[in-house]
Amino acid sequence: MRIEGRNYALLQAAKDSDYVKKIYGGYFNVYVEAFGEKGEKWDLFKIYEGEFPDFNELHKYDGFVVSGSPNDAYANDYWILKLCFLLQTLDAMEKKVLGICFGHQVLCRALGGRVGKAYTGWDIGTREVSFVKEIASYSYLEHIEEMPASLTIIEVHQDEVFEVPLGAEVIASSDKTAVEMFAISDHILGIQGHPEYTKDILYNLIDRLLNMDLIQKAYAEDVKCRLQRAEPDRKCWEKICRNFLKGI
């Protein structure tokens, strides 16, 4: 099912890496390739540089995606606080908002939840995410043919959601992270993992984290080794995200 003529906005919270810029032309292209469909219009807002959509034009968009970021979702940088206000506004308008990694966390914070540094440290690689049994009320999950009890996703984070906002439901968790996904009604969806990431993007990110001394060499090598034997369920994750954004 393809719905044409819709407008979406990517709220990009991270600077393009040299690798992603060279191979994909920027994170914007990565997200649109993963979540977009023919006939749609996608706009890019580099919110980490203070570039936000006009609040008087929010009604023109059918949905918004908040990307990942190296920044802390609980930080008080001006652009993060402005993003929180924007997300509160979009929630009040019942606009579709999909939060990925940092986006998942800052969405939770903005709407009254609690986020912070994970007690168990970094989660990098692939992770099996298990869905709660009562997911029939979420059509974007229900419309996945032969929806499995769990799916594998790429993860790169050291922060996590501790407590979801009032009225939110946890719809997936893992042995590492209690809140892998949460939802509010049919217009808010947060995903801790990266449904848009390819393995080559992750490999490059691991190298960058290692070069910045943010992770140890032994840990990086172990993650890369395990990554060779694992495959994320990208197609299924992309379908979930598209279904959500399109209201399917």
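Predicted model: local features only at pLDDT ≥ 70, side-chain atom pairs only at ≥ 80, totals over all residues.
Most residues other than glycine have a negative phi.

Is Cys 101 buried or exposed? With a relative accessible area of 5%, Cys 101 is buried, because the cut-off for that term is under 20%.

## The largest pocket

The largest pocket holds about 560 Å³ of space. Its lining is made up of 28 residues, and those nearest the centre are Ser 69, Pro 70, Asn 71, Val 156 and Leu 205. Two or more lining residues come from each of α2 (27-35), α4, β7 (150-157) and α6 (199-211). The element that gives the most is α6, with three residues.

Sorted by class, the lining of this pocket contains 13 nonpolar, ten polar and five charged residues.

## Helices α2 and α8

Two packed helices are described by the angle between their axes and the distance between the axes. For α2 and α8 (residues 234-246), the angle is about 85 degrees and the axes are 8 Å apart. The two helices are therefore roughly perpendicular to each other, a term that covers angles from 65 to 115 degrees.

On the α2 side, the contact is made by Glu 33, Ala 34 and Phe 35. They meet Glu 238, Cys 241, Arg 242, Leu 245 and Lys 246 of α8. The residues of this contact comprise four nonpolar and four charged, with no polar ones.

## Helices α6 and α7

How are α6 and α7 placed relative to each other? Their axes cross at roughly 170 degrees and come within 10 Å, with α7 spanning residues 217-228. Angles over 145 degrees count as roughly antiparallel, so this term applies to α6 and α7.

From α6, the residues in contact are Lys 199, Leu 202, Tyr 203, Ile 206, Asp 207 and Leu 210. Their partners in α7 are Lys 217, Ala 220, Val 223, Lys 224, Leu 227 and Gln 228. By class, the contact between α6 and α7 has seven nonpolar residues, one polar and four charged.

Key:
Residues numbered from 1 in each chain as written. Heavy atoms only, no water. Buried < 20%, exposed > 50% of the residue type's maximum accessible area, 1.4 Å probe, protein only. 1 Å grid on protein atoms, 1.4 Å probe; cavity = no way out; pocket = protein on both sides within 12 Å on 5 of 7 lines; lining within 4 Å. Points joined across faces, edges and corners; volume = space filled by probe spheres on them. Helix = DSSP H or I, 4+ residues; strand = E, 2+ residues; numbered from the N terminus. Nonpolar A, V, L, I, M, F, W, Y, C, P; charged D, E, K, R; others polar. Axes fitted to C-alpha atoms, helices over the stretch in contact; angles between N-to-C directions. Parallel < 35°, antiparallel > 145°, perpendicular 65-115°, else oblique. Contact = heavy atoms within 4.5 Å.
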